[in-house]
Amino acid sequence: MRRAVGVSGICIALSIAVPGAKADAPPDDAVPPLGNPGGLGVGMVIGTTGVGGELSVRPFSNVVLRAGGGWFALDHDFSADSNTYKLKADMISVGATLDWHPFANGFRLSAGGRYHNLDMTGSASASGATIDLNGTTYLLAATGPITASVKSSNTVAPYLGLGYDSTHFSESRWAIALDLGVIYSGMPTTSLTAQNAALIPGLQADLDAEKKKFDDSVGKYGQFWPVASLALKYRF
């Protein structure tokens with residue numbers, strides 16, 4: 001009996017000596033997730049959507065909002081039948097993305113929309129003085145330049161992807177971010193014209209037939225734009 005009273009007295013004394021110790025410890029549900037939920041992430045991006053930049057914020061929990069864009073120019077050849085069309089491209093891709101970080105770390109699943117405008121123009125490349133169109137041989141001096149173009153049919157396009165970005169989920173203010181995904185912009189619109197098509201009988205019909213083959217070549221390439229990019233980011 002005396003031993004029990006003694007133990008009780010020690011417990012009471014400890015509770016008096018450390019007043020409010022239990023009250024000062026925050027409940028488990030008040031502890032924020034790892035990383036800084038605030039701050040502004042700023043980054044430089046390079047990848048298949050060009051060279052550009054992005055901004056990101058983490059408004060709450062495991063959700064991050066991003067906005068950014070890029071631009072680039074490239075040369076690309078399309079082949080139709082026995083002809084090669086050498087095109088030069090300008091592309092602008094700008095958009096906003098919602099990132100879900102399901103494990104409250106850098107891994108993310110992304111969805112968003114982009115203004116994705118691809119504009120490619122060029123001409124047929126011929127090794128000699130003639131060109132074959134739909135099985136008919138024409139003198140290039142007579143047809144004049146044969147011009148081809150490829151343009152985005154839907155400049156506003158959805159984006160889906162995944163990646164890794166610890167900008168808002170790490171104590172470090174520096175991060176390297178990775179994106180892998182795809183932009184769906186639909187079948188591009190194309191054109192194939194000859195300067196003197198109206199002056200040469202049958203040339204326009206052969207150009208129309210050649211354009212169908214040209215469309216088949218473009219269709220393998222232009223509906224889905226692959227996204228692979230790296231960003232160096234800093235959180236303010």
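What follows is a short chat about strands, rings and charged pairs in this structure.

Trainee: Hi! What kind of model is this?
Mentor: This is a predicted model, where local features need pLDDT of at least 70, side-chain atom pairs count only at pLDDT 80 or more, and totals for chains, interfaces and linings use all residues. Residues are numbered from 1 along each chain as its sequence is written, and side-chain values use heavy atoms, with hydrogens and water left out.

Trainee: Let's start with strand E6. Which residues sit on its covered face, and which on its uncovered one?
Mentor: E6 spans residues 130-133; Ile131 and Leu133 are on the covered face, while Thr130 and Asp132 are on the uncovered one. Strands here are DSSP runs (E, at least two residues), numbered from the N terminus.

Trainee: And how many bridges join E6 to strand E7?
Mentor: There are 4 bridges to E7, residues 136-139, and the two run antiparallel. Two strands count as paired if DSSP finds at least two bridges between them. Within E7, Tyr138 is the bridge partner of Ile131.

Trainee: What's in the turn?
Mentor: E6 and E7 form a hairpin with 2 residues between them, and Asn134 in the turn has a positive phi of about 55°.

Trainee: Switching to rings: how many aromatic pairs are there?
Mentor: The structure holds 7 aromatic pairs. One of them is Tyr184 with Phe224, a tilted pair at 4.9 Å centre to centre and 45° between the planes. Rings of Phe, Tyr and Trp (its six-membered ring) pair if their centres lie within 6.5 Å; planes under 30 degrees apart count as stacked, over 60 as edge-to-face and the rest as tilted.

Trainee: Where do Tyr184 and Phe224 sit in the chain?
Mentor: Tyr184 is in strand E10 (residues 174-184) and Phe224 in strand E12 (residues 224-235), so the pair links distant parts of the chain, 40 residues apart.

Trainee: What about their accessibility, Tyr184 and Phe224?
Mentor: Tyr184 is partly exposed, with a relative accessible area of 35%, and Phe224 is partly exposed with 49%. Buried means under 20% relative accessible area, exposed over 50%, and partly exposed in between (1.4 Å probe, protein chains only).

Trainee: Which residues do ring pairs link into a cluster?
Mentor: Phe78, Tyr85 and Phe214.

Trainee: Now the charges. How many salt bridges are there?
Mentor: The count comes to 13, where a salt bridge is a side-chain nitrogen of Lys or Arg within 4 Å of a carboxyl oxygen of Asp or Glu. Among them is Asp77 with Lys86, whose closest N and O atoms are 3.1 Å apart. Asp77 is partly exposed at 40% relative accessibility, and Lys86 is partly exposed at 44%.

Trainee: What does Asp165 pair with?
Mentor: Asp165 forms a salt bridge with Arg108, closest N and O atoms 3.0 Å apart, and another with Lys233 at 2.9 Å.

Trainee: Which residues make up the network of salt bridges?
Mentor: Glu54, Arg66, Asp99, Arg108, Asp165, Asp179 and Lys233 are linked in it.

Trainee: Tell me about Asp99. Where is it found?
Mentor: Asp99 is in strand E4, residues 83-100, and counts as buried at 0% relative accessibility. Its neighbours by contact (heavy atoms within 4.5 Å) include Asn62, Arg66 and Leu109, not counting residues up to four places away in sequence.
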